[in-house]
Amino acid sequence: MDNTLQPFQLENHAAQGRLVRLGDAMNQVLTAHDYPTEVATLLGEVQVIAALMSGTLKFDGVLSIQVKGEGPVSMLLVDVTTDGNMRGYARFDAEKLQAVSENKGDGPQQEVPRLLGNGYFALTVDQGADTQPYQGIVQLEGATLAECAHDYLRQSAQLDAALKVVVSQVNGEQGPTWRGGGVMVQKSAFSGFQSIDGEATDAEFEDAWRRAVIFLGSSTNEELLDVSLHPHDLLFRLFSEDGVRAFDPSSFAMKCRCSADRVRNVLVSFPRDEIESMKIGDDVVVTCEFCNVDYRFDVGQIDTIFKESAAD
Ligand SMILES: [Zn+2]
């Protein structure tokens, strides 16, 4: 049970939620580039948040989260399809990052103000060519990316929610690998709330919601990262007091959507002489920012691409 999204609902219907566990799907994204640990951790957190959001917002297409900052880390981008294909990359300034690492005692200590600074957290849902993309944005005001995601849910999605996110390197059989985990609860509508003894009151409902948030907070980083702990067992451990029901899980995988065809389409959008300046040696090399795969075209292939596009 790895790389999974496990939806659940409390038996009293005060809240519903999701548990996310990412192994390979995260490790492959974070090791595609040579990221410093702090940058990889931030990007991994965005992956967990995107996974949680993908189970929260109904969509058919691509959900992406883009975090932009003015600090050493200038961009974190993760997208996930309805089928659970994930990819992502980060942009950072190595010198600025080193400067804040060396002055650890000075300035803000929390990850968002320290590494990203001022900026925004944007969530976009793209459901295909004939539809209007949806986008919601919040300023980066939280201390952590989980707090920024919480701000997003409250301000932009108008959801009462709580979430916990953890990313870490763990020692596996093949050396250290990146793992991530997260859990989120969102408040359900009062109308569905079921009291244990007869008539449900608003106060009981609020108490039940507060308990759900407290139980979520009682989860430990070790539990969220432990691949040997079945998601059901973790949920029952956390929410046993009110009872919890688990629904069918879905899965995630690291899968990029780049292809030679897509790169060709991008190349023909440039003027021919600009293509010359993209040459490395004799070839034009285009590297996918997400998966770091190189697409290489020799002079003959470039000529063919432009001839074909002129003929269209
Ligand atoms: Zn790619």
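Is Cys 256 buried or exposed? In this predicted model, Cys 256 is buried, with a relative accessible area of 18%. Keep that residue in mind for the first view.

**View 1. Four cysteines hold the zinc ion.** The SG atoms of Cys 256, Cys 258, Cys 288 and Cys 291 coordinate the zinc ion at 2.2 to 2.3 Å. Along the chain, these donors follow the spacing C-x1-C-x29-C-x2-C. Their angles around the zinc ion run from 103 to 116°, so the arrangement is tetrahedral. For comparison, the ideal angle for four tetrahedral donors is 109.5 degrees. Cys 256 falls on the buried side because its 18% is under the 20% cut-off. Cys 258, in contrast, is partly exposed, with a relative accessible area of 21%.

**View 2. Helix 2 crosses helix 5.** Here you can follow helix 2 (residues 37–56) and helix 5 (residues 145–155), whose axes come within 10 Å and cross at roughly 30°. That angle makes the two helices roughly parallel. The crossing of helix 2 past helix 5 is right-handed. Helix 2 brings Leu 42, Glu 45, Val 46, Ile 49 and Met 53 to the contact, while helix 5 brings Leu 145, Ala 146, Ala 149, Tyr 152 and Leu 153.

**View 3. Asp 79 is a buried residue of a strand.** Asp 79 sits in strand 4 (residues 73–81) and counts as buried at 6% relative accessibility. Beyond its neighbours within four places in sequence, Asp 79 is in contact with residues including Val 62, Leu 63, Ser 64, Arg 257 and Phe 290.

Note on methods: Residues numbered from 1 in each chain as written. Predicted model: local features only at pLDDT ≥ 70, side-chain atom pairs only at ≥ 80, totals over all residues. Heavy atoms only, no water. Donors = N, O, S within 2.8 Å, 3.2 Å for Na, K, Ca; no water. Tetrahedral: all angles 85-135°; square planar, octahedral: opposite > 155°, others 65-115°. Buried < 20%, exposed > 50% of the residue type's maximum accessible area, 1.4 Å probe, protein only. Axes fitted to C-alpha atoms, helices over the stretch in contact; angles between N-to-C directions. Helix = DSSP H or I, 4+ residues; strand = E, 2+ residues; numbered from the N terminus. Parallel < 35°, antiparallel > 145°, perpendicular 65-115°, else oblique. Left-handed = near helix turned anticlockwise from the far one by under 90°. Contact = heavy atoms within 4.5 Å.
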